[in-house]
Amino acid sequence: MPTPSDPAPCNQDEQLYECLECGKRLCSAASPTACPGCGGVLQNLSRPRPE
Ligand SMILES: [Zn+2]
C-alpha cells in the first residue's frame, strides 16, 4: 500500500505533525513550527480537542 501507516501513536496530550517538505512525522505536546530535520513547515494532522 502506498499510504504509510502512522508512526507510534501519540500520547493523549500530544498531536501529530507532518513536515510538508520531507514528510517526516512527529508527535509533540508543544506547538512546533518547524521540522527538526529540515526546518520545513509542519502541518498539524491531529484535530484539536473539543475542550
Ligand atoms: Zn522536514
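What follows is a working chat about the predicted model shown above.

Me: Before anything else, which residues count towards local features here, and how is the chain numbered?
Reply: Residues are numbered from 1 along each chain as its sequence is written. The model is predicted, so local features need pLDDT of at least 70 and side-chain atom pairs count only at pLDDT 80 or more, while totals for chains, interfaces and linings use all residues.

Me: OK, how many helices and strands does the protein chain have?
Reply: The protein chain has 0 helices and 3 strands, and from the N terminus on its elements run β-β-β. Both kinds of element are DSSP runs numbered from the N terminus, with helices being H or I over at least four residues and strands being E over at least two.

Me: And in what order do the strands sit in the sheet?
Reply: They make an open sheet of 3 strands in the order β2-β1-β3, with antiparallel pairing, where two strands pair if DSSP finds at least two bridges between them. The edge strands, each pairing on one side only, are β2 (25–28) and β3 (42–44). From one strand to the next the twist averages 35 degrees, with axes taken as lines fitted to C-alpha atoms (for helices, over the stretch in contact) and angles running from 0 to 180 degrees between N-to-C directions.

Me: What joins β1 to β2?
Reply: There are 4 bridges between β1 and β2, which run antiparallel, and the two strands form a hairpin with 5 residues between them. In the turn of that hairpin, G23 has a positive phi of about 80 degrees. Going residue by residue, Q15 has S28 in β2 as its bridge partner, and L16 has C27 in β2.

Me: Then how many bridges are there between β1 and β3?
Reply: Strand β1 (residues 15–19) pairs with β3 in the antiparallel sense over 3 bridges. Y17 stands opposite N44 in β3, and C19 stands opposite L42 in β3.

Me: Which way do side chains point in a regular strand?
Reply: In general, the side chains of a regular strand alternate between the two faces of the sheet.

Me: Back to C19, is that one buried or exposed?
Reply: C19, which is found in strand β1, is buried because 20 other C-beta atoms lie within 10 Å. The cut-offs are 20 or more other C-beta atoms within 10 Å of a residue's own for buried, 12 or fewer for exposed, and partly exposed in between, with C-beta atoms placed from the backbone.

Me: Which residues is C19 in contact with?
Reply: Leaving aside its neighbours within four places in sequence, C19 is in contact with K24, C35, G37, C38, G40 and L42, where a contact means that the C-beta atoms, placed from the backbone, lie within 7 Å. C19 and G39 are 20 residues apart in sequence, and their C-alpha atoms are 8.6 Å apart in space.

Me: What share of the whole chain counts as buried?
Reply: Of the 51 residues of the protein chain, 8% count as buried. As for contacts with a separation of 6 or more, residues 24 or more positions apart account for 22% of them in the protein chain.

Me: Now the segments outside the strands: why does N11 count as exposed?
Reply: N11 is found in the segment before β1, and it counts as exposed because it has 10 C-beta neighbours inside 10 Å. N11 and A29 are 18 residues apart in sequence and 8.3 Å apart in space, C-alpha to C-alpha.

Me: And R47, where does that lie?
Reply: R47 lies in the segment after β3 and is exposed, with 8 other C-beta atoms within 10 Å.

Methods:
Two residues are in contact if their C-beta atoms, placed from the backbone, lie within 7 Å.
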